[in-house]
Amino acid sequence: MKIKQGKMRILLACADESLLKQTKRLMQASNELELVGCTSNGTKAWEMIRQKTPDMVVLDTDLPYADGFAVASWMRQNKMWDTSIILLSSFIGGQTYVECSLLHINVLLRKPICADALYERIKLAVNCTSRGDTVEQRLAQILRELGMREQTIGYQCALLTVCLYRETDGASITKIIYHSVAQQMNSEGSNVERNMRYAVHRAWDKCDKAVLARYFGEARAQDKEPPSNREFCAALVEYLRQEACRL
């Protein structure tokens, strides 16, 4: 999402009328957010998004006529990459993660969720955006500090894998994440695993120990054996979490 001046413009599309009304009430009282529309109809949601071009959209996978995935797909097909999407889903499994990754869903939340929790999550997403760099941009910076070169396949595999590991809250890296990254790169999961592992091993061999210690801890940085891909992802995600808490 591009950073804009003034209030962030939000559109709500939720099948749960009670959740919709309560969240609408909270947002209308906000000094930071501007509610530009709300609906419980998927087709209507798409029409409103085209007309109002909000900064962020909350979509429910249970919307009638066109579900949240369909609306998100229409948005991305129509080049609406600057609009952030928060997706609400009562079922979250491997295929859900894959679809969210392919559609560049920014936040995935499990239903049922109360209005207060949804409102706070919307504000958090807006605040993260308003700080400037996206999580992906920050991760790219960290990977460069670790000595990975942007033009290499290993760097791209590492960036996408860590991002998805974070977005899915630590989903299975072998059963879900490699497969999703491979789809994005038109490759195979085994190639993603191998290219990332090579990039991690090379970084561990070449990178300054002080830089490794910053992201992986003093003790781990002194270990000659590099972390596994999963350990690499988990360490960077935890570092980002702590960094966000310090901001």
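How many aromatic pairs does a search of the whole structure find? The search finds four aromatic pairs, where rings of Phe, Tyr and Trp (its six-membered ring) pair if their centres lie within 6.5 Å. The model is predicted, so local features need pLDDT of at least 70 and side-chain atom pairs count only at pLDDT 80 or more, while totals for chains, interfaces and linings use all residues. Residues are numbered from 1 along each chain as its sequence is written, and side-chain values use heavy atoms, with hydrogens and water left out.

**View 1. Packing of helix H2 on helix H3.** Helix H2 (residues 42-52) and helix H3 (residues 68-77) pack at an angle of about 25 degrees, with axes 9 Å apart. Helices are DSSP runs of H or I, at least four residues, numbered from the N terminus. Axes are lines fitted to C-alpha atoms over the stretch in contact, and angles run from 0 to 180 degrees between N-to-C directions. H2 and H3 are therefore roughly parallel (angles under 35 degrees count as roughly parallel, over 145 as roughly antiparallel, 65 to 115 as roughly perpendicular and the rest as oblique). Their crossing is right-handed, that is, the near helix is turned clockwise from the far one by less than a right angle. Gly-42, Trp-46 and Ile-49 of H2 make the contact with Val-71, Trp-74 and Met-75 of H3 (contact means heavy atoms within 4.5 Å). These residues divide into five nonpolar, one polar and no charged; Ala, Val, Leu, Ile, Met, Phe, Trp, Tyr, Cys and Pro count as nonpolar, Asp, Glu, Lys and Arg as charged, and the others, Gly among them, as polar.

**View 2. Aromatic pairs.** Trp-46 and Trp-74 form a tilted pair, 5.9 Å centre to centre with 50 degrees between the planes (planes under 30 degrees apart count as stacked, over 60 as edge-to-face and the rest as tilted). This pair links distant parts of the chain, with Trp-46 in H2 and Trp-74 in H3, 28 residues apart. Trp-46 counts as buried because its relative accessibility is 11%, whereas Trp-74, at 29%, counts as partly exposed. Buried means under 20% relative accessible area, exposed over 50% and partly exposed in between (1.4 Å probe, protein chains only). The rings of Tyr-215 and Tyr-239 have centres 4.7 Å apart and planes at 70 degrees, so this pair is edge-to-face. Tyr-215 lies in helix H10 (residues 209-216) and Tyr-239 in helix H12 (residues 229-246), 24 residues apart. Tyr-215 is buried at 5% relative accessibility, and Tyr-239 is buried at 14%. Ring pairs also link Trp-204, Phe-216 and Phe-232 into a cluster.

**View 3. Helix H6 against helix H7.** The axes of H6 (residues 135-145) and H7 (residues 153-167) come within 10 Å and cross at roughly 135 degrees. That makes H6 oblique to H7. The crossing is right-handed. On the H6 side the contact includes Val-135, Leu-139 and Leu-143, and on the H7 side it includes Tyr-155, Leu-159 and Arg-166. The contact residues divide into nine nonpolar, no polar and three charged. Arg-138, Leu-139, Ala-140, Ile-142 and Leu-143 of H6 are buried. Gly-147, which follows H6, has a positive phi, near 95 degrees.

**View 4. Surroundings of Leu-26.** Leu-26 sits in helix H1 (residues 17-28) and is buried, with a relative accessible area of 17%. Leaving aside neighbours within four places in sequence, Leu-26 is in contact with Ala-115, Asp-116 and Tyr-119. Leu-26 and Cys-114 are 88 residues apart in sequence and 12 Å apart in space, C-alpha to C-alpha.

Notes: Helices (H or I, at least four residues) and strands (E, at least two) are DSSP runs, numbered from the N terminus.
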